[in-house]
Amino acid sequence: MSGFAPRKRASGEKRTSTRDDALNLLSFKSRSVSNLRSALRRKGHSNDEIDEVVAEFLEKGYLNDLKTAEMWSESMMQTGNYGVNGIRTELVQKGIPADMASSCAETAYEGFEELEVARKAVAKKFKGVDEKMEPREFEKFCGGVYRYLARRGFSNDTVFRIINELRDKNQFS
């Protein structure tokens, strides 16, 4: 269980139907089946009501985890701040099945090289940072770059290549 308690309704507040709540939720943003189920549970709807609405929406094409995952992964790729593992992790956290998340993350990365994406992410995040730093300050900076790229799901190989490129640019002697 996710720890969310269903929303309590004030006395006299009219209860909306599960279908209406689901349509309202989907009108704001795309959701995975799992994500929609969780949101409807938080609104206090029963599992039977939720199952019925989800089945109807799947049949009508209102819900489609594959299309949603593809859209989300393309969007994350366009920001240029995520590695393949980062996209995969984000998709799984949003309720996309792991195998589908992996496939969509790999597809989104087709035609891109992770090292180049990581370079752009670092340049965007750390723009205006002086390349020539004192050794102690530079090591602290490299730690920040490492943490940033690791959180964004870039592979260790890519992260260390970026750090080594930064070290090559910042020669102390």
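Is Tyr146 buried, partly exposed or exposed? Tyr146 is partly exposed, with a relative accessible area of 31%. Here, buried means under 20% relative accessible area, exposed means over 50%, and partly exposed lies in between (1.4 Å probe, protein chains only).

The model is predicted: local features need pLDDT of at least 70, side-chain atom pairs count only at pLDDT 80 or more, and totals for chains, interfaces and linings use all residues. Residues are numbered from 1 along each chain as its sequence is written, and side-chain values use heavy atoms, with hydrogens and water left out.

A pair of aromatic rings is described by the distance of the centres and the angle of the planes. Rings of Phe, Tyr and Trp (its six-membered ring) pair if their centres lie within 6.5 Å; planes under 30 degrees apart are stacked, over 60 edge-to-face, and the rest tilted. Five aromatic pairs occur in the structure. One of them joins Phe126 and Tyr148. Their ring centres are 5.8 Å apart and their planes stand at 85°, so this pair is edge-to-face. The pair links distant parts of the chain, 22 residues apart. Phe126 lies in the loop between α7 (114-125) and α8 (135-151), and Tyr148 in helix α8. Helices (H or I, at least four residues) and strands (E, at least two) are DSSP runs, numbered from the N terminus. Phe126 is buried at 19% relative accessible area. Tyr148 is also buried, at 6%.

Tyr146 pairs with Phe160. This pair is tilted, with 5.7 Å from centre to centre and 35° between the planes. Tyr146 belongs to helix α8 and Phe160 to helix α9 (residues 156-169), so the pair ties together parts that are 14 residues apart in sequence. Phe160 is partly exposed, with a relative accessible area of 46%. Ring pairs also link Phe126, Phe138, Phe141 and Tyr148 into a cluster.

Charges sit over two further rings. The criterion is NZ of Lys or CZ of Arg within 6 Å of the ring centre and within 35 degrees of the ring normal. The charged end of Lys94 sits over Trp72, 4.6 Å from the ring centre. Arg152 lies over the face of Tyr82, at 4.8 Å from the ring centre.

His45 occupies the loop between α2 (33-42) and α3 (47-60). His45 is buried, at 4% relative accessibility. Its side chain makes polar contacts with the side chains of Thr18, at 2.9 Å, and Asp21, at 2.5 Å. A polar contact is a pair of N or O atoms within 3.5 Å; within protein, one must be able to donate a hydrogen and the other to accept it, and residues adjacent in sequence count only if both atoms are side-chain atoms.
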